[in-house]
Amino acid sequence: MKKKLRFFCIALAACAALTALAGLGVLDQADAKLSDLICQRPAARDGQIVVVGIDEAALERYGPFQQWSRHILAEALETLNQSEDCRPAVIGVDILFSGPSADPAADARLAQAAGAYGNVVCGCAAHYGTELVADGGDYALDTFAVLGLDRPYDALAQRAMLGHINAMLDSDGILRHYLLFVELPDGTKLPSLVLAVANRYRAARGEDPVRQPPVSRQGFWYLPFSGGAGSIEYVSLAELLSGGVLPDFFDGKIVLIGPYAPGLQDSYFTAIDHVRLMNGVEIHANAVQAMLWEDYRTQVGDGLQLAVLLAVLLGAAYGFWRRKVRWSTALWLLLCAGWPLLCRAAYDQGWVLRVLWVPAGATVLYAGCLAGNYIQAALERRQVTDTFQRYVAPEIVRELLQAGPAALELGGRQTEIAVLFVDVRGFTTMSEQLEPKLVVEILNRYLTLISQCIFRHGGTLDKFVGDAAMAFWGAPLPQEDAVMHAVRAAADMAAGSRALSAELEARYGRAVSFGIGVHVGPAVVGNIGSPQRMDYTAIGDTVNTAARLEANAPGGTIYISRAVADALEGRIRATSLGGSVRLKGKQAGFEVLTLDAILDAPSALDQEAASVKIDTQGR
């Protein structure tokens, strides 16, 4: 429970931090670009919008645009409206005519052409900045205040409809939003040229005004582009004025007149194309089309999206932590690929979601959990190694690592094992006659010998108890021929003890030997104790019997049970002692045998054991 609570707290902190970074806008620009790539798609138009462009051909014919007489634009309006029965439903002019020109006659002609037919919308441009405004009894800075408005000269403003042509870019220089209204200082709202054109078109067809799109607090709406640069039907102003286009081509349509040449500096990178610039008049055409289709998108509030992000990341953290790499990777790929697909589906239903938040957060968590899983596995492997290398041979430790932390949990299982007990005979008497330092040195020599013999034959060293030791085979992992391994270890110990005893007798005049007992049978093996202090050990009657065999074995003798002899029948030579040896706690009839030789070895027991090069010096 504590581990789960700890994981939840860490996961919550990490997911909250990632969510906070997203909320602070760290991913905003990258997210917007990815959203553009996934969501913005060209769509087939109905052909009701035509752009009349002030292009290179028009500039070549009439000269630099700044020097144009307003007679040229007046003639364009007159040409478009020359037939009473065949004229555009509305004409939007994406050009500023601020103030009177040096040619009053041209100004008058343009105003007359714009007002004569009731279908012309001229552009205005608001200037935004920061202004100190009253807020109740206090003052506050309005960073989106209208400081001024460029309007057409009075005669034109009085005759034509008006709409603003402000184009405002996102922080990354991409145009994604369109300003629906400009709220003037006197409180009136000036509609965008796009809204004015769309409503005039609907009116000309006897239809209701367009449903207005959902807007942000500052009045922006998300613009779904229906085409990229050059996708709008287009006619050069020069071709129009030269009579190259028949009047009925524009009949009942929306005509937008505006700059269409790079030198006029009225082009922008847009959400549908970050590479090619789109002329401002084409952007207006996309916005008009969206309004006529009422194809709007609502950008889901960041508060809701951040809450969803936090929940998804918490689920991802749970899915990544302590999982196999293939499952973590599958989940990560699902989130990174599935979330953008979900965002695309939501976009088609009219909702704009943050495309990058979930994949980016999931990627950070995936990498972090992979690293955490690796570190945790390494720590657990080290813990398992540190725990078991004191008991078992290195090759068994390597196999135990495959089991992971389960090998360290409290509990046991019943299994068949071979148990060996060994005790140093005569050591107590010797320890009373020698210096303590020397006693410890000799004991360590014997215990080192015992450990080497156990580990050499793949045994688990259970414990040392003074000058005695216990070991078993068949656990923690099943072992083939476990009983023979135990017997061979006993033979090594007996042979090694004789060599070591001869050395000690020569040096100190004291000789000792081993008494060894081996038994096989069922026992409970596992971590036994408390969470604070546990031992990996074996318990049961099999263990007790092996201990009784060792306790009764004379120095230099290996006692085995009938079960051991039967298990190794034909592979060892043993002598039965019949009922001459009575083991404590055992009923009469329990047969004890002495191990004389291992028959599948090249020679007798002593020679076989002596041939094993035991380091009796403990080096």
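Contact here means heavy atoms within 4.5 Å. The model is predicted, so local features need pLDDT of at least 70 and side-chain atom pairs count only at pLDDT 80 or more, while totals for chains, interfaces and linings use all residues. Residues are numbered from 1 along each chain as its sequence is written, and side-chain values use heavy atoms, with hydrogens and water left out.

Q: How many helices and strands does the protein have?
A: Helices (H or I, at least four residues) and strands (E, at least two) are DSSP runs, numbered from the N terminus. On that basis, the secondary structure comes to 19 helices and 24 strands.

Q: What share of the residues of the protein count as buried?
A: Buried means under 20% relative accessible area, exposed over 50%, and partly exposed in between, using a 1.4 Å probe and protein chains only. Of the 619 residues, the buried share is 48%.

Q: Is helix H9 largely enclosed by the rest of the structure or largely open?
A: Helix H9 covers residues 280-293, and its 20 Å from first C-alpha to last is close to the 20 Å expected at 1.5 Å a residue. That expected span is 1.5 Å times one less than the number of residues. Because 13 of its 14 residues are buried, H9 is largely enclosed.

Q: How is H7 placed relative to H9: roughly parallel, roughly perpendicular or oblique?
A: Helix H7 (residues 193-204) packs against H9 at about 50°, with the axes 9 Å apart; axes are lines fitted to C-alpha atoms, for helices over the stretch in contact, and angles run from 0 to 180 degrees between N-to-C directions. Angles under 35 degrees count as roughly parallel, over 145 as roughly antiparallel, 65 to 115 as roughly perpendicular and the rest as oblique. The angle therefore makes H7, relative to H9, oblique.

Q: How do the residues of the contact of H7 with H9 divide into nonpolar, polar and charged?
A: Val194, Leu195, Val197, Ala198, Tyr201 and Arg202 in H7 meet His284, Ala287, Val288, Met291 and Leu292 in H9. Ala, Val, Leu, Ile, Met, Phe, Trp, Tyr, Cys and Pro count as nonpolar, Asp, Glu, Lys and Arg as charged, and the others, Gly among them, as polar. The contact divides into 9 nonpolar, 1 polar and 1 charged.

Q: What is the phi of glutamine 265?
A: Most residues other than glycine have a negative phi. Glutamine 265 lies in the loop between strands E12 (254-259) and E13 (267-270), and it is exposed, with a relative accessible area of 72%. Its phi is positive, near 55°.

Q: Which loop is the place of aspartate 481?
A: Aspartate 481 has a positive phi of about 60° although it is not a glycine. At 30% relative accessibility, aspartate 481 counts as partly exposed. Its loop runs between E19 and H16.

Q: What is the omega of the peptide bond from alanine 475 to proline 476?
A: Proline 476 sits in the loop between strand E19 (468-473) and helix H16 (482-508). Its peptide bond from alanine 475 is cis, with omega near 5°.

Q: Which residues does proline 522 touch, not counting those up to four places away in sequence?
A: Proline 522 is found in strand E20 (residues 513-529). With a relative accessible area of 47%, proline 522 is partly exposed. The residues it touches are Gln414, Thr415, Glu416 and Thr542.
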